[in-house]
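Please keep the sequence and the structure in view while reading.

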Amino acid sequence: MDYHRPVTVSEALAVLARYGGEARLLAGGQDLVPLLNTGRLAPAAVVDLKALSHLAAITAGVALRVGALATHRDILTSAAVRTACPLLTEAAGLIGGGPQVRNRGTIGGSVAARNPAYDYAAPLLAVDAELWIAGPTGERRAAAEAFLGQAPSSEPAPMDLLLAISVQPIAPEAGWAYEKLRFSDGCYTIAAAAAVVAVDARGACASARLAVSGVEPAPARLRDVEEGLVGARLDDAVLAEAGTAVERRILRPISDALADGDYRRAMAGVVVQRALARAARRAGPHRGGAGTP
Ligand SMILES: Cc1cc2nc3c(=O)[nH]c(=O)nc-3n(C[C@H](O)[C@H](O)[C@H](O)COP(=O)(O)OP(=O)(O)OC[C@H]3O[C@@H](n4cnc5c(N)ncnc54)[C@H](O)[C@@H]3O)c2cc1C
């Protein structure tokens with residue numbers, strides 16, 4: 001297996017093109033290296049991105065832009081992320097596997113791997129994130145939902161390089177929450193939900209954005225459930241109804257050694273209720289911030 005360490009994006013793309021789809025990008029290696037070690041993947045070349053350090057930058061402007069090489073720890077400790085999109089901060093804080101995974105694993109690798117159990121997926125869907133991608137025909141933007149919302153079998157051309165993820169800041173009066181059900185720190189998600197909620201002066205839901213992950217082969221934005229919440233007070237009865245609606249729309253739950261499909265479906269309803277309840281508590285004229293439970 002060949003090893004390359006390009007120092008520019010165009011050099012990385014040229015190396016990928018040379019191998020015609022037989023090369024793999026390497027970011028933090030937390031996903032890729034175990035696959036190489038166990039022989040489940042044997043590419044002709046590995047293209048190490050670590051020299052493209054500018055792709056680790058996190059910048060705040062009209063939109064928050066998180067470079068693909070930003071690590072989970074970079075995201076967790078970034079004031080810009082906490083201010084513009086604390087939902088991502090919350091998700092990064094729940095990534096398990098210990099310091100090695102959090103210090104080396106990157107958001108770009110997490111998105112590109114499209115593992116339904118990974119933690120950024122539901123938050124990125126809930127905030128309508130966009131992906132900035134470089135490929136052989138130039139740079140393009142794509143909705144995160146268009147990429148993450150498909151099961152991993154429909155993998156895009158491997159010569160595409162994710163540069164960054166951009167997110168419009170969550171409105172100051174909106175509340176947010178990411179809820180993850182797992183059995184232990186090292187254990188992957190059983191079911192997770194991200195919610196962003198705004199309430200009006202009467203305390204009714206003015207807007208809701210909701211996504212689930214870990215339950216089906218692809219994470220999903222729940223627009224039909226969102227629509228049903230607008231205008232309602234998010235009391236226990238409305239939340240229970242939303243939970244039931246979520247359960248009904250889960251048709252292909254994952255069954256594996258961690259949990260069977262029926263359990264995952266039921267837990268999807270539970271994490272959605274918890275995320276909505278916590279997001280609603282944080283919503284109001286002054287956003288509660290990370291200290292609000
Ligand atoms: C013990 C353990 C526990 C974990 N627990 C969690 C958890 O609780 N929650 C969670 O979300 N994740 C968890 N993870 C997964 C970890 O977060 C991911 O493996 C990591 O985010 C992937 O990022 P990476 O930089 O290591 O990617 P890599 O392993 O380097 O790459 C992953 C894939 O993405 C491709 N790729 C990488 N960068 C790019 C790019 N810029 N453009 C295009 N393609 C790219 C690679 O070619 C490869 O196919 C865990 C991992 C381990 C080992």
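A polar contact is a pair of N or O atoms within 3.5 Å; within protein, one must be able to donate a hydrogen and the other to accept it, and residues adjacent in sequence count only if both atoms are side-chain atoms. The model is predicted, so local features need pLDDT of at least 70 and side-chain atom pairs count only at pLDDT 80 or more, while totals for chains, interfaces and linings use all residues. Residues are numbered from 1 along each chain as its sequence is written, and side-chain values use heavy atoms, with hydrogens and water left out.

- A nitrogen atom of the ligand lies 2.6 Å from a polar side-chain atom of Asp119.

**Shell around the ligand**
- The ligand is surrounded by 29 residues, each with a heavy atom within 4 Å of it.
- Leu25, Gly28, Leu32, Thr106 and Asp119 are the closest.
- The helix α7 gives the largest share of this shell, four residues; helices (H or I, at least four residues) and strands (E, at least two) are DSSP runs, numbered from the N terminus.

**Largest cavity**
- A cavity is a set of points, on a 1 Å grid over the protein atoms alone, where a 1.4 Å probe fits but cannot get out; lining residues have an atom within 4 Å of a point.
- The largest cavity is lined by 14 residues, including Ser110 and Arg114.

Note on methods
1 Å grid on protein atoms, 1.4 Å probe; cavity = no way out; pocket = protein on both sides within 12 Å on 5 of 7 lines; lining within 4 Å.
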